[in-house]
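Dear colleague,

Please find the structure below, together with its sequence. A summary of the findings follows it.

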Amino acid sequence: MASRFWTQPGSDSEDEESDYEEEVEPTGGETTTEPGLNPYLQANASDSEDSDDQKRVVRSAKDKRFDELSATVHQMKNAMNINDWVSLQESFDKINKQLEKVMRVTEAVKVPTLYIKALVLLEDFLGQALANKDAKKKMSSSNAKALNSMKQKLKKNNKQYEDLINKYRENPEQSEDDKPPEEESDDSDGTESVIDPNDIVSSDNEGPDEDDPEEDEPTEEGWQKKMSKKDKLMDKQFSKDPSEITWDSVNKKFKEVVAARGRKGTGRFEQVEQLTFLTKVAKTPAQKLEIFFSVVSAQFDVNPGLNGHMPINVWKKCVQNMQVILDILVKYPNIAVDDMVEPDENESQKGPDYDGTIRVWGNLVAFLERIDTEFFKSLQCIDPHTREYIERLRDEPMFLVLAQNVQEYLEQVENYKAAAKVALRRVELIYYKPQEVYDAMRKLAEHTGDGDYGEEPKAAEEGRAPSSFIVVPELVPRKPTFSESSRTMMDILVSLIYKYGDERTKARAMLCDIYHHALLDQFSTSRDLLLMSHLQDNVQQMDISTQILYNRAMAQLGLCAFRNGLITEAHSCLSELYSGGRVKELLAQGVSQSRYHEKTPEQERLERRRQMPYHMHINPELLEAVHLICAMLLEVPNMAANTHDAKRRLVSKTFRRLLEVSEKQTFTGPPENVRDHVMAASRALVKGDFQKAIDVINSLDIWKLLRNREHVLEMLKAKIKEEALRTYLFTFSSSYKTLSLEQLSMLFDLTEAQTHSIVSKMMINEELLASWDQPTCCIVFHDIEQTRLQALAFQLTEKLSILAESNERATEARIGGGGGLDLPQRRRDNQDYGAGSVAGSGGRWQDNMSFNQRQGGGAGRTGYNTGGRQFNQNAGGGYNRDRTGQYRGTGQNTRYQDGAYAGSGRSARGSQDTSSRMVSLNKGLRA
Amino acid sequence: MAEYDLTPRMAPNLDRHLVFPLLEFLQERQMYPDEQILKSKIELLNKTNMVDYAMDIHKSLYHTEDVPQDMVDRRVEVVARLKALEESAAPLVNFLQNAAAFQELKADRQYNLQMLNDRYQIGPEQIEALYQYAKFQFECGNYSGAADYLYQYRALCTNSDRNLSALWGKLAAEILMQNWDIALEELNRLKEIIDSKSFSSPMNQVQNRIWLMHWSLFIFFNHDNGRTQIIDLFNQDKYLNAIQTHAPHLVRYLATAFIVNKRRRPQFKDFIKVIQQEQHSYKDPITEFLTCVYVNYDFDGAQKKMRECEEVILNDPFLGKRVEEGNFSTVPLRDEFLENARLFIFETYCRIHQRIDMGVLAEKLNLNYEEAERWIVNLIRSSKLDAKIDSESGTVIMEPNHPNVYEQLIDHTKALSGRTYKLVGQILEHAQAQIAR
């Protein structure tokens, strides 16, 4: 049955096609309206298509078309009777569409007479209507409009059928008589086309109107039919002599299949299978390559939604196909892959022995990135607590080897820019893995490497298709090679990226590098990298996923600093992350619900799409514990030092708030979560009870997540003791005149040298007004603690100087800056008071203001996370309102500032606190 | 003591010829076996044109009279090349040596070039030859000749890159001739060029700065004013960053300069922070000493470190420079360093103590009791220390020094009224001006 196509590959079908082309062309060209298909009809059609008896099916479909056509003609007649041009116009559009379908179903050369008849009728009626001026005037406006447009449409349409119409006018009867035989011939045509569906498809697609949406249905039909018989077809085709398959025929078929891509109703899986089949019959390596590229992109199409992920088996096949592509590329080095220029139509005709480069359209990097993204997405979607997730994770080496091969190939062809991109993908799979995990992955890749690749698909292939025309041996390695340590691997990849990557690639690689260094406890290296790269300054302008990566790197850096005992550094890395209470969101490790506003489903979907897969998570509990403990170690002595100091500087607002809340509780139960533990420890520390604090902290079970747990806990113990000593001295120094060193070191279980060093440091920094009495080894306290009156007097003078300063500024602005400054000036004063009562210091309000301004400006820019953006706008709005000079009470103003401040951490990440952090981690700017 | 030897870290940043003095010093100090040093000397000389010298060293190293053939060959080659270069540069050299003709040169470079071209047929090729010749002279060890030629070349050269390398050459030559004043001038000139020139990449600029700093060590530790100038140079942000990123070992010299300087500088505190930060990448007894005194307040540790510092200084080619006075040879920098370091310890110690036993103090200062007493008395007399000695109990008692609360309050508010008056005045003035208008 199908043999026709194959036995007479050249001329016959070609002729037919050209005929069809002529016919199809005009109809397709003029129809511009959307497909308004009857879903029932369509469904019916395809349903019946599946049944075995093809002949009957086609007949019924054709009959249906004709029925539809005549029904529409009937409608038109009715509309003419009531002179309803609007519905007439609709019917006309419909009939045109239907005509096309009919044509396609019947494969008719001639337009059905029924249609011509309708056209003639319509033309006559139109002439009448136009002639009758009075009637025209009486028409409703919409009707008249429809009439006019009808006139034009008809004129245009009828031009194409001029001959036929004239013939019909001359001899209507004869045309009518002609009909039955014509149908007969149509039938025979139809049968044939069913038998060899490829012809239909090709004839349809060869026309210039390829993207005409109206072709959907017939195309689908073609596919459906083809599907039902596909295997049979393939067998048949293979049983033929391979020599009879020419490049042309394969190419033609390939074009057909590709053209169907993306159409409504095109079976995606089927397309993949068809293309896969075509790869086997490809005549030249270039063609094979070309088809393989299409296979891969068709595989990407299998799952069109943005939220779902590609089916895993398809993904695996996709990876294998990519490997084969690389095999081909490596074997035939004269084939170049390019996506810049549209290559010559017949470029792939050139055989393997063609000397000179053969250009094939394709983009390896884009494919690879897509594969990676799909992998990532699948991990996002799969429930991390299932076995499936672990199974999926085991596929990672598979991707890594592909990436490695692609990168090697790209380096070989000296496309380093692309290679850098691929290297980044590899880096992003490695950077979060500590050495242990890396080793595990390496072992996995080595052990299962042989079994997994190649065998399974081969078995499947062998069963059906013993050989393809172009056999490519597996040239590229199917097993990844890993460096001994993850660090060396990172170093190799990262240095390549730094050399050739573009800005974004470099920034991401740098962040991964920082993360990885931090993971390996190399705090100073990763800090240096961070400061040298100036990422903090411009991370604001980067895309969201890079910002997430930045947040992750900062979190990891904080953990690293903590493990190294650098409490201040750890705190400054982490405090920003926690200042907004949106850690989960910032790290993309979950969606946090906000009390203040609802997220639109769109926002939620966006957020879900950027989530990190579970295995990449930074343990949130550990992070929280580290942050709170750091805050505790810094804040508790700080609180003790400035009990009644107006310009107390808060080290950690978050911690303060938590502590206040926990202190308000009437009854405190035993600690349950991380927060409770730290709060309990803080309460003990405030009293100087270091042992209890240590015990509580030690009882946290998250410590088991730390690699060198003993060491860290030891460090923590020492720190707690030290801070307990400091707190004790701050709190109780006023009660003593002298204190002996021995007693102190006994109290806090420290060596005398340590105690001496700590106390000396406090003396030098003038935190403790005391000095040593060397002969007796005592601390002698100078009793010069300020009285309350004196303290208040100091506060007063400070406020006075703030007032004077702001007055000066105001006059300066007024006198120096010229007119028009009235409003800003008032605003400034306004903020001044607010700030004064919040912070009570002159230096602070400036910070606040400059920050506010920045926020106002930054609202339009990319604030990460949608919530933050919303907040930003609020803040910006408030700022604007302020600017218009609306007076706000001091209290209100304060609140406003608080609000803005609270919003700072998450929206203006890195910008506001950069300065302070730059100081604390100060390494200076590097040239 | 070889563990604190910085020569291996310094050498890559120095000119071959500049490394030579360092090797000489090492040989003198006997830090490494002689053989090893001689071998590295030969290696060093192999790439230069000082073949005769290399031959001498070879002889003394292997105690033979034979010289390897390649050295002989090289000598012939060098001489030939010298001849050739001499010839090609001859017209210009002759012109420069001709006093009368030399007078014709004016301050205008364009004019000079024009004039040379027109009247003496000296074109760019000859000028280029002069540069090559000068370079060759330098390679041969004839530094004074090289310096002269390079000076002339710079007056005539139009290529800014060439100019820069000529300047480097001149600096090296001056350093090797130990003309510290001139070298310092060249150094400053070079620094200006490096800071103002736009380099192809920031890395290049940093590299240039690193070289400059390394080379400058020769000058700074020999020039009278060098110790303050080294702080001025090294402590600039750009240079400090360069040190931190690429040559943390230079911290030693900066630290020494800070300690040796009598005057306390405001940057000192920041520098301590730098030392703390760089702990992981570089530390030696000198930086550790500062950490002990200013970070950990570990005075016993500081004591120990001070002794180690002495060793380090003696073995450092820059710091341990000897001065022969009659029969004595002293290391002036060591004495100064120790004196100041002692002062550092004492100062800090006093700040946190109210009463100190003289005996303990003497021990801490590495002095005996009498000396310590005299030392303290001198300090009190020069009003550097607000303290009294209680000889009965043998202690020093610090005078407490706390600002009076009332004074503080007055200080705070004193300026306010003045400021307000000024403000009022300004406003009135403004208002009157507006009325007048």
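**Findings: the contact between chains B and A**

The contact is formed by 38 residues of chain A and 37 residues of chain B. Please bear in mind that this is a predicted model.

The size of an interface is often expressed as the accessible area lost when the parts come together. Here, chain B and chain A bury about 3300 Å² between them, and carbon and sulfur atoms give 60% of that area. On the side of chain B, B:Tyr297, B:Ile352 and B:Arg419 supply 17% of the area that this chain buries against chain A, more than any other three residues.

Two salt bridges are counted between chain B and chain A. In a salt bridge at 2.6 Å, N to O, the side chain of B:Arg355 meets that of A:Asp773.

Several elements of chain B give two or more residues to the side that touches chain A, among them helix H12 (202-220), helix H19 (332-351), strand S3 (353-357) and helix H22 (405-436). H22(B) gives the most, with twelve residues. By type, the residues on this side of chain B comprise 15 nonpolar, 16 polar and six charged.

As for chain A itself, 43 helices and five strands are found in it. Of its 927 residues, 51% count as buried. Among contacts in chain A with a separation of 6 or more, 73% come from residues 24 or more positions apart. The accessible surface of chain A is about 43200 Å², and 51% of this belongs to carbon and sulfur atoms.

Yours sincerely

Definitions and conventions:
Residues numbered from 1 in each chain as written. Chains lettered and ligands numbered in written order. Predicted model: local features only at pLDDT ≥ 70, side-chain atom pairs only at ≥ 80, totals over all residues. Heavy atoms only, no water. Helix = DSSP H or I, 4+ residues; strand = E, 2+ residues; numbered from the N terminus. Buried < 20%, exposed > 50% of the residue type's maximum accessible area, 1.4 Å probe, protein only. Contact = heavy atoms within 4.5 Å. Areas by Shrake-Rupley, 256 points an atom, 1.4 Å probe, with all protein chains shown as cover. Buried area = accessible area lost by both parts, 1.4 Å probe. Salt bridge = Lys/Arg side-chain N within 4 Å of Asp/Glu carboxyl O. Nonpolar A, V, L, I, M, F, W, Y, C, P; charged D, E, K, R; others polar.
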